[in-house]
Amino acid sequence: MSRVEHLLPLGAWGMFLGLALKGWVQSPGVAPALLVLFHGLVLWLLARRPGPRARGHAFGTLPAVLGTCLPLAFRPSMPGEGWWPPTPWILATGAMVQVVALILMLASAWSLGHCFGIRPACRGLVTQGPYAVIRHPLYLAEVMCAGGLWLVHPTVRNSLVLVVLGLLLALRARLEEEVLGEHPGWENYRRKVPALPGAPTYRSVP
């Protein structure tokens, strides 16, 4: 891993952490605090990670970067702009979804440990924690978190951001699975653990 390739993610996540801290100071709450913890954990994981043992196509970096930055494009809805008013029930539900998603994001990132990375690479095969239930819990949690925010601010712009984010994370998951296919334990894991909750698993080949 080159020095530049190591420092760029650290700089980017230092910026994300700074933005999360700013948001928490301006609007204290459980979700903003969890977001600060998540970005702090990611920064720590990136700082101590070893180099990957295998790489995917360089194209895999693009959806990873875009998917990471895209949530910054969400904008609060102005009065009368959203598809429904921000009632107390909507606000509570959106906040609850974000909190659950952020807890799952923290658990997923912690489970990844030194295998956490931005660019698709085979840094090891993680099968514990949320990864024992589904193959991409972190990406699912990111979509859930964005969905909770969209529920409170359901504008056309935010709807487009949510859809594009989901597509980018789905592409990112597929690219990562192509690289993880080089791991000797991948096929067995793929057959046992579904990609999404409730999705059918692969049958064993006799």
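**Entry 1: a surface patch.** Which residues make a nonpolar surface patch of about 270 Å²? I found that Met15, Leu19 and Leu72 make this patch. For the term I noted that patches are made of residues with over 30% relative accessible area and no salt bridge, with like charges joined within 9 Å and nonpolar side chains (Val, Leu, Ile, Met, Phe, Trp, Tyr) within 5 Å. A salt bridge is a side-chain nitrogen of Lys or Arg within 4 Å of a carboxyl oxygen of Asp or Glu. Accessible areas come from the Shrake-Rupley method with a 1.4 Å probe, and for residues only the protein chains shown count as cover.

I reminded myself that this is a predicted model, in which local features need pLDDT of at least 70 and side-chain atom pairs count only at pLDDT 80 or more, while totals for chains, interfaces and linings use all residues. Residues are numbered from 1 along each chain as its sequence is written, and side-chain values use heavy atoms, with hydrogens and water left out.

**Entry 2: the whole protein.** I listed seven helices and zero strands, where helices (H or I, at least four residues) and strands (E, at least two) are DSSP runs numbered from the N terminus. Of the 206 residues, 42% count as buried, a word that stands for under 20% relative accessible area, with exposed meaning over 50% and partly exposed in between (1.4 Å probe, protein chains only). The protein exposes about 11,300 Å², and carbon and sulfur atoms supply 70% of that area.

**Entry 3: back to Leu72.** I placed Leu72 in the loop between helix H3 (61-69) and helix H4 (88-112). Leu72 counts as partly exposed because its relative accessible area is 41%.

**Entry 4: H3 against H6.** I looked up how H3 and helix H6 (residues 156-180) pack, and found an angle of about 145 degrees with the axes 9 Å apart. Axes are lines fitted to C-alpha atoms, for helices over the stretch in contact, and angles run from 0 to 180 degrees between N-to-C directions. The contact (heavy atoms within 4.5 Å) involves residues of H3 including Pro63 and Leu66, and residues of H6 including Leu168 and Arg172.

I then followed Leu168, which lies in helix H6 and counts as buried because its relative accessibility is 14%. Not counting residues up to four places away in sequence, Leu168 touches Pro63, Leu66, Gly67 and Leu70. The C-alpha atoms of Leu168 and Pro63 are separated by 5.6 Å, although these residues are 105 apart along the chain.

**Entry 5: salt bridges.** How many salt bridges does a search of the whole structure find? The search finds four. In one of them Arg172 pairs with Glu176, the closest N and O atoms being 3.8 Å apart, and both residues are buried. Arg172 and Glu176 are four residues apart in helix H6, so about one helical turn separates them.

In helix H7 (residues 186-192), Arg190 and Glu187 are three residues apart and therefore separated by about one helical turn; their closest N and O atoms lie 2.7 Å apart in a salt bridge. Arg190 is buried because its relative accessible area is 15%, whereas Glu187, at 36%, is partly exposed. Arg191 also forms a salt bridge with Glu187, at 3.5 Å between the closest N and O atoms. Through shared partners, salt bridges join Glu187, Arg190 and Arg191 into one network.
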